[in-house]
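Dear colleague,

I am passing on the structure we spoke about, and below it you will find my notes. Please read them with the structure open beside you.

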Amino acid sequence: MIEKFREWYENRHEYQKGYKDRTGNKIVGYFCTYTPEEIFYAADILPVRILGSHEPQDVTEPHIFSMFCPFCRDVLAQGIKGRYDYLDGIAIGQSCLHLRQAFTSWDLHKNPGWSYFLPMPNHVQSKRAVPFLVEEYRLLIKKIEELAGRRITDDDLRQGIDIMNKARKVMKEIYEFRKEDNPPISGTEAMYMTCAQFFTDAREFLPVAEDVKRELASRRLDRDPGKRIMLVGSENDDIEYINMIETLGERESVGCTVVVEEHCTTTRYFWDEVDTNIDDPLRAIAERYVSRTPCPSKDWPQRTRLQRILELAKDFRVDGAIVIQQKFCDPHEADIPFIRKFLEDNGIPTYFLEFDVTVAAGPFAIRTEAFLETLEAEEDLF
Amino acid sequence: MAKYPTEPLRCWAKAKELRKRFYEDFKGAHEKGGIRCVGSAWALDAVTMGLGRDVYWVTGEPYGASCAFDRPLSADFLAAAENFGFSRDLCSYMRNYWGSIIVNKSAFGGAFPKADFAYTQHICCSHGKWYQNACELEAGDVPLYVIDVGVGAYPPFQPEMYEHRLRYVADQILDSIEWMEKITGRTYNDELFFEACWNDIRLTHTWAKICMLNRAVPAPLDEKSIYSLYVFATLQKSRGEFAEFYEELLEEVEDRVKRGIAAVANEQARVMTDTQPPWGFLKIYRYLETCGVVSIGSLYTFGLEGMWLYDDEKNDLRPRPMPPEKPRSREEACMMLADWHLSKPQYQHFYHPEYKTKMMDAIAKNWRCDGIILHYNRGCEGLSVGIAENRLGLLQRGNKVMTYEGNMGDETEFDLPATETRFDIFLESLGLKKPEG
């Protein structure tokens, strides 16, 4: 069953077009994980996250100045190239300026007839954030109701919460297997899973993920797991890179397994569930998005990510962390020196890699191998 | 050859003196028992003034620009920030500022004065992080308060300014007052707050009126001079002597318009720019002047701090009228400040480039510009966001547009000869030529 995730990842458009044909439901593409999927599910609209295709960018130069991150340009390229022409709408929850440009340029040039910018609060550490976001959700709901052609009730919202919570819960349960000495699921497979969830209806994703969970209980991978690595940083669905470093051990003297990540394609996205004990479903959703592991663009005045990263590192018993950053990603760039110092002060060696989603991952192999060797050398001393 | 009479600004010396005193006040604050406060040029500095008349400010962006103006010094600061681990594509103001802390050196001489607290606002991804990191670099014991103003666009770009959006900002301001009392041990004085709030509104309104006068032909002000004048609004909007200075300046510029005094005596063509200039290379404006070109300003110099409202029907930009009267309660002052600042022209493009394109087009048409020069500024993601779409939108509206790439605060990302060559080509397209010899 685990292969299904890869199939969905690689054939996202076929799935989504087929889904529309099968269900007659509308599809809204969203640009950032601060977009509340629960509310779209409540209206029977499928929210799908738009990621790039990792191709050299060739169509976005007139629209986004090249000092902005390659991910946002890659995302916009998907729209300009007409790959998402089947969407019924686009939406973004306010996060970084980079991705916002992909949204606004898409809005200008490929607007499917419905678009929405949600002013998700930045000051998530303020007690004022939740009440503000609840009111913003009310405005969003009115707009979604226009697209859906029907009212959204509290029961609908609870249904949306249930759908998303179940998907999040099963992914967390699958992540538990990654804590094992020889994890039965690779980092590559885990990344296929979390991204597949972006691209599919969570109700169709769930039974597959439940099957995978059962399968993992008895699955054994015929490989040396090598060093246990954590990935930390900005948007990352660089499956090619993850696969490359996880197969290093087949070619070189050192190998590794990515056992956990702190990315908005993985744990920052799904780790936190909506608290169903809160009566008002809108407030419950708002609480979840305000208190989730933040994107660094919202992580101030306290840098709360540090503790969450350390908890993950300890829980998954990592040997080292590769701090990955999309080139030009300002919020992460502002955090990186402090994250590296914090992890190293806590005994976790780090290595920094600046990525460009549209550039071949190959050259990073030698650097990663060198980092893994340094981890090996320390062990040899004892 | 001179087409119009010209003369220096009478208030120039006073402007220099005011700016000098502003930085000296910050440095000497502790000797007078005062408080040092730092934050963004967009920080709601008026709120801090309720702590007393002895709260002295430095704002990061004009400080970073001052560093950049001194290129060797800036190179030291930028290298220090990079050696610490900060990426070189981050905001160059921010890197100059962090570098100053790391090497403990001020652009105005001596050690970098440590702030008592940081008080800033957040709309660009870098704003909150700037002072979070600055406070951590200052041994981690400088308290920080950040007000999130990223609540969506102001009318006419949104159908209305929803009450809850104003309330969110105003409530954070209210919370910050309690926080400041706690960290300083001082009792907050509402009357001083109301006075500072009114100074802020008065100053930012007056600045817009001054910029309106540059619709005149010949333009009474050129943008290189405007940079030395708009800076007071970026240093501290709530400082009474700055508000008064702008009122004096308004009178002087009105007088220049009446008498037909030009900033550039051979004004033959008018351009507008966008975003911060490369501060170490302001001579590019003098280069344009040799060809008879005056840069009348930009949405940046007009609307970074000046308060305007865009009229969608007339495609015009007009100074936003001041509220009818001063605030009379703390809550009212917080709401008034929130409402006033959320309409800031340079906040609007954070939500959509089309809003900025409309305002820029209004300037191009109403200030009678022959061309538009866009600085693709690698040093500032906040003001460069959407700039490529602005270019397309301005072209579609019939404007002549050129771009050049640079960095406001990092000289290594600016190529002067290449930029001058681009200017030459653009000016030729406007029918202008550089004088020979």
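To begin with chain A, the crossing of α4(A) and α5(A) is right-handed, a crossing being called right-handed if the near helix is turned clockwise from the far one by less than a right angle, and left-handed if anticlockwise. Please bear in mind that this is a predicted model, in which local features need pLDDT of at least 70 and side-chain atom pairs count only at pLDDT 80 or more, while totals for chains, interfaces and linings use all residues. Residues are numbered from 1 along each chain as its sequence is written, and chains are lettered from A and ligands numbered from 1 in the order in which they are written.

The axes of α4(A) and α5(A), the latter spanning residues 97-109, come within 8 Å and cross at roughly 15°; axes here are lines fitted to C-alpha atoms, for helices over the stretch in contact, with angles from 0 to 180 degrees between N-to-C directions. The two helices are therefore roughly parallel to each other, a term used for angles under 35 degrees. Helices (H or I, at least four residues) and strands (E, at least two) are DSSP runs, numbered from the N terminus. On the α4(A) side, C72(A), V75(A), L76(A), G79(A) and I80(A) meet residues of α5(A) that include L99(A), A102(A) and W106(A), where contact requires C-beta atoms, placed from the backbone, to lie within 7 Å.

Chain A is assigned domain 1 (24-152) and domain 2 (224-380), with bounds from an automatic or database domain assignment. Their C-alpha centres lie 24 Å apart, and 30 residues of domain 1 of chain A are in contact with 27 residues of domain 2 of chain A. On the domain 1 side of this contact, α3 (37-42), α4 (70-80) and α6 (129-148) of chain A each supply at least two residues, and the largest share, five residues, comes from α6(A).

Chain B holds an open sheet of four strands in the order β2-β1-β3-β4, with parallel pairing, two strands being paired if DSSP finds at least two bridges between them. Its edge strands are β2 (55-59) and β4 (144-148) of chain B, each of which pairs on one side only. Five bridges join β1(B), residues 35-39, to β2(B), and V38(B) has V58(B) as its bridge partner in β2(B). Helix α3 of chain B (residues 60-69) packs on the sheet and touches β1 and β2 of chain B, whereas helix α7 of chain B (residues 163-184) lies across β1, β3 and β4 of chain B, running at about 170° to β4(B).

With best wishes

Terms used:
Two residues are in contact if their C-beta atoms, placed from the backbone, lie within 7 Å. Angles under 35 degrees count as roughly parallel, over 145 as roughly antiparallel, 65 to 115 as roughly perpendicular and the rest as oblique.
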